[in-house]
Amino acid sequence: MKVAVLPGDGIGPEIMPAATRALTEVAPDLELVEAPFGAAAIRGSGTPLPDETLDVCKEARAVLKGPIGDPEFDAADVRPEQGVFLLRSELGVYANLRPSRNGTTDLLIVRELLGGIYYGERGTRDDGTVFDTCEYRPDQVERVARRAFELARRRSSRLTSIDKANVLETSRMWRKVVRGLAVDYPDVELQDMLVDNAAMQLARAPDQFDVLVADNMFGDILSDLAAAVTGGLGLAPSASLGDGAGGLFEPVHGSAPDISGLGRANPSALLRSTAMMLDLAFDRHDEARALEDAVDEAIASTPTADIGGSASTAEFADAVMDALAR
Ligand code: NAD
Ligand code: IPM
Ligand code: MN
């Protein structure tokens with residue numbers, strides 16, 4: 001059983017050791033295979049997702065990915081982010097699960113990951129106009145919405161479908177497809193919500209939500225907001241799943257260039273993504289729970305700066321290992 005480990009850029013290589021140490025402790029039989037990805041890979045071989053890295057990811061049951069991105073490449077033709085889009089589509093992971101919880105809020109954003117404006121045609125016309133297009137096929141909406149209905153069924157059976165149906169054709173189709181599926185899930189209470197209102201409701205009263213399903217772009221934006229109102233980006237994990245076993249597991253946050261190199265990053269989001277991997281890709285529910293509990297303990301005992309403490313990344317990782325050993 002192999003795990004492809006992609007440390008990534010910025011704080012990625014600083015937080016990944018916390019995850020590989022924990023994995024070696026709770027699942028010592030898993031083989032961890034590290035590979036270059038993102039800006040690090042562009043520097044080494046001119047491309048963010050080298051063929052060898054993609055091969056490692058496809059041969060593995062799961063991919064554990066750190067954040068990528070580097071200001072150096074923001075205006076370049078070849079950018080780290082392009083590797084993320086390619087990796088997600090090559091793995092066929094269309095459903096991106098982004099849970100947020102604290103004492104009162106416990107919600108799950110299911111973000112469509114392989115369509116919409118991220119993958120539409122883009123370019124520049126002769127007159128200088130620049131365009132990005134948002135496109136969806138009904139089957140792309142249906143498969144992610146079914147996943148969201150099924151997840152809602154295993155939680156509090158409430159699903160909020162996010163769109164901008166008062167403006168966008170893709171959203172009107174999205175809403176029609178999701179409503180059409182509701183007959184198959186009579187036990188799930190479905191509501192539609194416009195994305196601007198959803199942002200306001202998430203900021204104002206996040207505990208009203210159980211499961212939310214949104215397109216690629218709306219899900220991207222709302223998941224940072226949901227993270228912010230439940231403790232911050234340093235805590236927010238994600239799991240990206242397709243129809244097969246396995247998947248891609250990565251934090252919601254980015255490479256945090258403003259704090260990279262300082263040893264202060266919070267590894268919780270990556271550790272929680274690792275726990276989701278143990279749970280969803282390897283069916284190791286006890287080990288996943290043990291890791292989640294250890295992270296919760298370290299958050300309480302040894303908080304990093306982003307959550308009001310002063311612990312370093314390494315001190316936090318030590319606290320997780322101590323908790324796992326108890
Ligand atoms: P970011 O998520 O990297 O950072 C936003 C803010 O949150 C920063 O102040 C940062 O210090 C803080 N933060 C994020 N993660 C943290 C952690 N683990 N511990 C403590 N603080 C943390 O967003 P950004 O600055 O807009 O983007 C930086 C780069 O990351 C860009 O190149 C972007 O494309 C990339 N990015 C990559 C991914 C990914 O790989 N999936 C996700 C988001 C952004
Ligand atoms: C995320 C990130 C990525 C996205 C970027 C880095 C391409 O923001 O995973 O949320 O927009 O999907
Ligand atoms: Mn994002």
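The model is predicted, so local features need pLDDT of at least 70 and side-chain atom pairs count only at pLDDT 80 or more, while totals for chains, interfaces and linings use all residues. Residues are numbered from 1 along each chain as its sequence is written, chains are lettered from A and ligands numbered from 1 in the order in which they are written, and side-chain values use heavy atoms, with hydrogens and water left out.

Taken alone, ligand 1 exposes 810 Å², of which the protein buries 69%; accessible areas come from the Shrake-Rupley method with a 1.4 Å probe, and for residues only the protein chains shown count as cover. The ligand is surrounded by 21 residues, the closest being Lys65, Glu81, Gly254, Ala256 and Asp258 (near: a heavy atom within 4 Å). By class, this shell has nine nonpolar, six polar and six charged residues.

Helix H6 (residues 169–181) has 13 residues and, at 1.5 Å a residue, should span 18 Å; the 19 Å between its end C-alpha atoms agrees with this. The expected span is 1.5 Å times one less than the number of residues. Helices (H or I, at least four residues) and strands (E, at least two) are DSSP runs numbered from the N terminus. Buried residues of H6 include Met173, Trp174, Val177 and Leu181, where buried means under 20% relative accessible area, exposed over 50%, and partly exposed in between (1.4 Å probe, protein chains only). Among the elements covering the buried residues of H6 are strand E5 (106–112), helix H5 (138–153) and helix H8 (216–228).

Leu280 is found in helix H9 (residues 268–280) and is partly exposed, at a relative accessible area of 35%. Neighbours within four places in sequence aside, Leu280 is in contact (heavy atoms within 4.5 Å) with Leu97, Ala239, Leu241 and Phe249.

Ala305 lies in the loop between helix H10 (285–301) and helix H11 (313–325). Ala305 is partly exposed, with a relative accessible area of 36%. With neighbours within four places in sequence left aside, Ala305 is in contact with Arg264, Ser310 and Ala311.

Note on methods: Nonpolar A, V, L, I, M, F, W, Y, C, P; charged D, E, K, R; others polar.
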